Amino acid sequence: DERNLLAQSPLLNVWRGATDNDGIKLFDDQSGRVWGHWYDLGLPNWARGLVGVRLIETDEDAPAIEVTHAASGREQWDDFVHTHRYTLTPHGTLRIENVLRVGEGVNDLPRVGLQMQLSPDLEQLEWYGRGPWDNYSDRKISAPIHRYQSTVREQYVDYVMPQEHGHKTDVRWLTLTDDSGHGLKVTGDVPFEFNALHHSDADLFAARHPFDLIAKPEVVLSLDHAMSGLGTASCGPDALP
């Protein structure tokens, strides 16, 4: 209906608002914590650079647009090379295919996926996957696969130290709509993971107290191939390999 649902287009995301198990943000010494490894990779300050855009002919009625970015937080631009291909199908759906190539020594990442920002009107959330509360690859046995309804605001978890929250795993599809039911539906060729919040990963990582957080009007939607498990490194071992 001539409405733009995107406030920011999909971009590669490999970072998360580090949890207390990843490393306590107030501590200078992060040795022995995975956060120290992520810091060495420059992930808290990583940036993207456009490599190129090209038009590709396909077997369908419409061509595809292929966009390639390089990304790094330590100016080693082979750390991440992300190619995403957009095809607008004759049925009116937008198919996004992604290939991520990581450089030598880039491993044990927080997540691999896309992140975008959506219109503030898309507050109504529904999904078919694990829920109703947040769940992760190593903390999901209490979250059965079902069809759930909620709102984006209700995904917030009020941790004393602001950090990653609201994640959902084993998702088949999700919708984000306005009060009239108009909006966006996302499906995956295979089950995927997502967050739908009013805070970015940078917001969560920068905040030291809940009052430091200012909710964005836009919906920050993360669509993940995978996110790292939580582990128990606050008082025990890290997540399993």
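**View 1. Trp 38, at 1% relative accessibility, counts as buried.** Buried here means under 20% relative accessible area, with over 50% called exposed and anything in between partly exposed (1.4 Å probe, protein chains only). This is a predicted model: local features need pLDDT of at least 70, side-chain atom pairs count only at pLDDT 80 or more, and totals for chains, interfaces and linings use all residues. Residues are numbered from 1 along each chain as its sequence is written, and side-chain values use heavy atoms, with hydrogens and water left out.

**View 2. Here are some of the 8 aromatic pairs in the structure.** Rings of Phe, Tyr and Trp (its six-membered ring) pair if their centres lie within 6.5 Å; planes under 30 degrees apart are stacked, over 60 edge-to-face, and the rest tilted. Trp 15 and Trp 38 have ring centres 5.9 Å apart and planes at 85°, so they make an edge-to-face pair. Trp 15 sits in the loop between E1 and helix H1 (34-40), while Trp 38 is in helix H1, 23 residues apart. Helices (H or I, at least four residues) and strands (E, at least two) are DSSP runs, numbered from the N terminus. Trp 15 is buried as well, at 4% relative accessibility. Now look at Trp 35 and Phe 205: this pair is stacked, 5.7 Å centre to centre with 20° between the planes. Ring pairs join Trp 15, Trp 35, Trp 38, Tyr 39 and Phe 205 into a cluster.

**View 3. Two lysines meet tryptophan rings.** The charged end of Lys 168 sits over the ring of Trp 127, 5.1 Å from its centre. Lys 185 lies over the face of Trp 173, at 5.2 Å from the ring centre. To count, NZ of Lys or CZ of Arg must be within 6 Å of the ring centre and within 35 degrees of the ring normal.

**View 4. His 209 lies in the loop between helix H2 (201-206) and strand E11 (219-227).** With a relative accessible area of 39%, His 209 is partly exposed. Leaving aside neighbours within four places in sequence, His 209 is in contact (heavy atoms within 4.5 Å) with Val 160 and Pro 162. His 209 and Gln 163 are 46 residues apart in sequence, yet 9.8 Å apart in space, C-alpha to C-alpha.
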